[in-house]
Amino acid sequence: MSKTSVNIGQSIDSIKTQLSTYGTQIQEYLKNVNATVENYKFSIEKKDNGLVIDIEFRATVQGMES
């Protein structure tokens, strides 16, 4: 395995960990504001000399009654 492959592999693992953490934090926040999370996903793909990161997060926040 080349040095570049190891670095990209480590980067992918780091990005996955960070996105998972951010996703959990966002979901916890949305629960606190009575939101409905409709969809959440992320993917990381190695392409050529870089990475493609695809993130989808969809939630509905209900209005608060006065």
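## Ground rules

The model is predicted, so local features need pLDDT of at least 70 and side-chain atom pairs count only at pLDDT 80 or more, while totals for chains, interfaces and linings use all residues. Residues are numbered from 1 along each chain as its sequence is written, and side-chain values use heavy atoms, with hydrogens and water left out.

## Counting the salt bridges

Side chains of opposite charge can pair when their charged atoms come close. Here, a salt bridge means a side-chain nitrogen of Lys or Arg within 4 Å of a carboxyl oxygen of Asp or Glu. How many salt bridges does this rule give? The count comes to three.

## The pair in the helix

Let's start with Glu-28 and Lys-31, whose side chains form a salt bridge at 3.4 Å, N to O. Both sit in helix 1 (residues 3–32), and because they are three residues apart, about one helical turn separates them. (Helices are DSSP runs of H or I with at least four residues, strands are runs of E with at least two, and both are numbered from the N terminus.)

The cut-offs are simple: buried is under 20% relative accessible area, exposed is over 50%, and partly exposed is in between, using a 1.4 Å probe and protein chains only.

## The pairs across the strands

Next up are Arg-58 and Glu-38, with a salt bridge of 3.1 Å, N to O. Arg-58 belongs to strand 2 (residues 50–61) and Glu-38 to strand 1 (residues 35–47), so this pair ties together parts that are 20 residues apart in sequence. Arg-58 is exposed, at 53%, and Glu-38 is partly exposed, at 43%.

Lys-41 and Glu-56 make another salt bridge, at 3.7 Å, N to O. This pair also links distant parts of the chain, with Lys-41 in strand 1 and Glu-56 in strand 2, 15 residues apart. Lys-41 is partly exposed at 43%, and Glu-56 is partly exposed at 32%.

## The hairpin itself

How do strand 1 and strand 2 run? They are antiparallel, joined by 12 bridges; two strands pair if DSSP finds at least two bridges between them.
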